[in-house]
Protein chains: 2
Amino acid sequence: MYNGLVKELLDKNGLKIGDFALIEFGNSKEVVKILPNSEFTEKGILVVKLESGYNFGISVDEIDSIEKAEHKEKSDDPSESELQSIELNKDLPQVSIIYTGGTIGSKLDYRTGGVHMLLKPEELIANVPELSNIAMLHPVHLFSIASEDMTYLEWQRIASTVAEEIKGGSRGVVITIGTDTMHYVSSALSFMLKGLNAPVVFTGSQRSSDRGSSDSFMNLICSVRIAAESDIAEVGICMHKDSSDDYCQLIRGTKARKMNTSRRDAFRPINDLPIAHLGIKGEIHYDSDYNKVKSSAEGITIMDKFSDKVALLKVYPNSDPDIINYYKNKGYKGIIIEGTGLGHTSVSGRPEKSYLNNIKEAIDSGMIIGMTSQCLYGRVNSKVYTNLRLLSNAGVVYCEDMTPETAYIKLGWLLGNYNRDEARQLLNKNIAGEIRDRTLYDEFLI
Amino acid sequence: MYNGLVKELLDKNGLKIGDFALIEFGNSKEVVKILPNSEFTEKGILVVKLESGYNFGISVDEIDSIEKAEHKEKSDDPSESELQSIELNKDLPQVSIIYTGGTIGSKLDYRTGGVHMLLKPEELIANVPELSNIAMLHPVHLFSIASEDMTYLEWQRIASTVAEEIKGGSRGVVITIGTDTMHYVSSALSFMLKGLNAPVVFTGSQRSSDRGSSDSFMNLICSVRIAAESDIAEVGICMHKDSSDDYCQLIRGTKARKMNTSRRDAFRPINDLPIAHLGIKGEIHYDSDYNKVKSSAEGITIMDKFSDKVALLKVYPNSDPDIINYYKNKGYKGIIIEGTGLGHTSVSGRPEKSYLNNIKEAIDSGMIIGMTSQCLYGRVNSKVYTNLRLLSNAGVVYCEDMTPETAYIKLGWLLGNYNRDEARQLLNKNIAGEIRDRTLYDEFLI
């Protein structure tokens, strides 16, 4: 509840939470929805939902005028009788939707600011009617955690839930998740699910689903289509392919990266092609090779141990190589370095800035050190320059064309499930599509 | 000098260093040049230059066959009399070329493996004849250091040399440098050179200049053209615009990033348009706004202090927030965090993984903490989600659309030249083109 200046302003203009208002502030003039504040809202700040779909805090000082506005909004809360009239088609393939957070699969309640999960298949279909002809839905609310707050303990819960759902008869699984660390989690699941013989699709939204032009419904529909209709036996991320609403694309879980803070097509394949792209209707277009669902398979097992004594370390000019000792002294078992260019740290310059001795000592003490590139695109190489060969000769494992994020996840997973020597051997060998032999030019920045 | 198995192999086939040989190894068969080994070459490894231009070490075990090959190579060492016959056109604008490392402006001597700098204007013109009609060249050999080995001490020497050259009558300055950290250095110079009223152009090459299809000559020519002919009063990076040899582009020094380990068009503008693009001949095409050279100006001054008690810290899932204390305890004055998405760290999840308290304590102790995004493209935002507001309320400065690398350089520079409060105020205010008010869609991944 607001008080002080904000309450005065609202009361004076006959406005309450949930109302639409025409508001002038700064150089803007637009119709917004009045949202409740929270314990964290600063004093004198009115929280509104902008037409852009974002929640935004405006200082009372900045508001030039505010008045009640008419805003025709179709009610999208289906009544109980409407829900009961929805018939589920039990002949469609079963697809599980596991909610873990993010705004997909939830609806914002404007009165309370709270979020309501769509946990009944009928509710999902009432809100996203396109789903009714694609799959027999099985929604599961696992938890609601911002993706940046998840740890490997949550990833393990997601992995075991996916396995349960597949064993329970689902043809494919969709996981909704906050987008911030989606690519870390999709990497983790790619390694944790052994013998996967079904599509497992992560999706989310970059714009909240109460916005007309939100990406959330299309992302959800395309993800359910992949799960229900494709023969892809891999973990992938399904999000918008470009800034239009024509296509979503499925990116391999170990080769994806969030490359934009806010665009709907923020997720890009790095050193890889998309596996497929598709619209809400029509064919699924396959863009590259992938593991296909087999008619007979061993069945899914989980290999989900994870060592969190692994660090991801970006190295940059002037940086202090003592950071290697810091992790060594804390008992870390491995470090993935995000080096410059082909996989460099300072080595031959000013001695106090050289990483070489610290890296040697860390490796001699039993740590595994892997090298990736902060360029992101391309491949590290341990042979081209002297500094590279010095690091390589000290025992640094050059991680080919893996992203730093995937290399970090892989090393944590390897050290959780294998002994040190096996882990070191496997780090630069392909296990789950994370390493490609050859990098195609087409894959750079398109 | 080689010995052991490599020497045997070379002797048996009548080969010596500098010879061309047809070699079969793995699945490859190609003509290579035999290069000398170095103190770092492992035993049993033959170092060759591939047709691709890269030096490469091949284990003797892998070599299926090797024989002497004819290879017609035109001599590109001009004779002394040829050099003397070159007339310099002293009516052309004077452009300084400062060599700091990298392969541009140098020639590999195949007999010794050593590198010869082209320090006479006549030598440069004999090797790159296109330069003769563009500028009166003034080459300066400052030092030869791999860019990953440079520190701010080298950047300061580059800054003062640029200022000297401009005061000495040069219309513009080109700096050749290794590409790995070129964008860190171009950022540093962008802040260090105050009152710049001339083009200052960084360039380098992704393929060594003894390769036919090297990018180095075109990059050098285009850079000299910008320095000699443009009215751009900024620091920029001039490298290939795409994978063809049609155009180079000039990217603002604070908005560039190396985005590929090996492609010639690896440098991309991040959240910005290129300033200009151009070919070896023809017009310079201006693509966006820039600071123009003024007919009267105060003159260049240097503001080049730099605090290396500043860290760039990438934050990722499961990471240990104790890293903040590590830097605090080492007396660091500032940290730029490379967060996820709109500028997140873990805040509200498992308490042992939450960065919030450590960040609060660091800020309360006097440190400056800035937030950028590991998405690279887009803009951080302190308002959209609760976790963002918690960090922002704790005093984290959200750094708009700055790259993490530029924000790190800027904070080091600010803390070198201003007091703490001024530095904190200036961190998210535009000083050298590092922050744009608005992000254009066109700037994402093209």
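Over all chains, the predicted model holds 19 aromatic pairs. Rings of Phe, Tyr and Trp (its six-membered ring) count as a pair if their centres lie within 6.5 Å; planes under 30 degrees apart are stacked, those over 60 are edge-to-face, and the rest are tilted. B:Y326 and B:Y327 form an edge-to-face pair, 5.0 Å centre to centre with 70° between the planes. Both B:Y326 and B:Y327 are buried. Buried means under 20% relative accessible area, exposed means over 50%, and partly exposed lies in between (1.4 Å probe, protein chains only). Ring pairs link residues of both chains into a cluster: A:Y326, A:Y327, A:Y332, B:Y326, B:Y327 and B:Y332.

This is a predicted model, in which local features need pLDDT of at least 70 and side-chain atom pairs count only at pLDDT 80 or more, while totals for chains, interfaces and linings use all residues. Residues are numbered from 1 along each chain as its sequence is written, chains are lettered from A and ligands numbered from 1 in the order in which they are written, and side-chain values use heavy atoms, with hydrogens and water left out.

Charges also sit over rings. The criterion is NZ of Lys or CZ of Arg within 6 Å of the ring centre and within 35 degrees of the ring normal. In chain A, A:K292 lies over the face of A:Y290, at 4.6 Å from the ring centre. In chain B, B:K292 lies over the face of B:Y290, at 4.6 Å from the ring centre.

The interface comes next. Contact (heavy atoms within 4.5 Å) joins 78 residues of chain B to 76 residues of chain A. The area buried between the two chains is about 6,700 Å², and carbon and sulfur atoms give 52% of this area. Buried area is the accessible area (1.4 Å probe) that two parts lose on being put together, summed over both. B:T261, B:Y316 and B:N318 supply 10% of the area that chain B buries against chain A, more than any other three residues.

Charged pairs cross this interface. Side chains of opposite charge can pair when their charged atoms come close. A salt bridge is a side-chain nitrogen of Lys or Arg within 4 Å of a carboxyl oxygen of Asp or Glu. By this rule, 12 salt bridges span chain B and chain A. One of them joins A:K353 to B:D308, with the closest N and O atoms 3.2 Å apart.

A:T181 lies in the loop between β10 (172-176) and α5 (182-192) of chain A. Helices (H or I, at least four residues) and strands (E, at least two) are DSSP runs, numbered from the N terminus. A:T181 is buried, with a relative accessible area of 2%. Leaving aside residues up to four places away in sequence, A:T181 touches A:S147, A:E148, B:P317 and B:T340.

Over all chains there are 48 salt bridges. A:E234 pairs with A:R252, the closest N and O atoms being 2.9 Å apart. A:E234 lies in the loop between α6 (216-229) and β13 (235-240) of chain A and A:R252 in strand β14 (residues 248-252), so the pair ties together parts that are 18 residues apart in sequence. Both A:E234 and A:R252 are buried. A:D272 forms a salt bridge with A:R436, the closest N and O atoms being 2.7 Å apart. A:D272 is in the loop between β16 (267-269) and β17 (276-278) of chain A, and A:R436 is in the segment after α11 (420-427), 164 residues apart. A:D272 is buried, at 1% relative accessible area, whereas A:R436 is partly exposed, at 22%.
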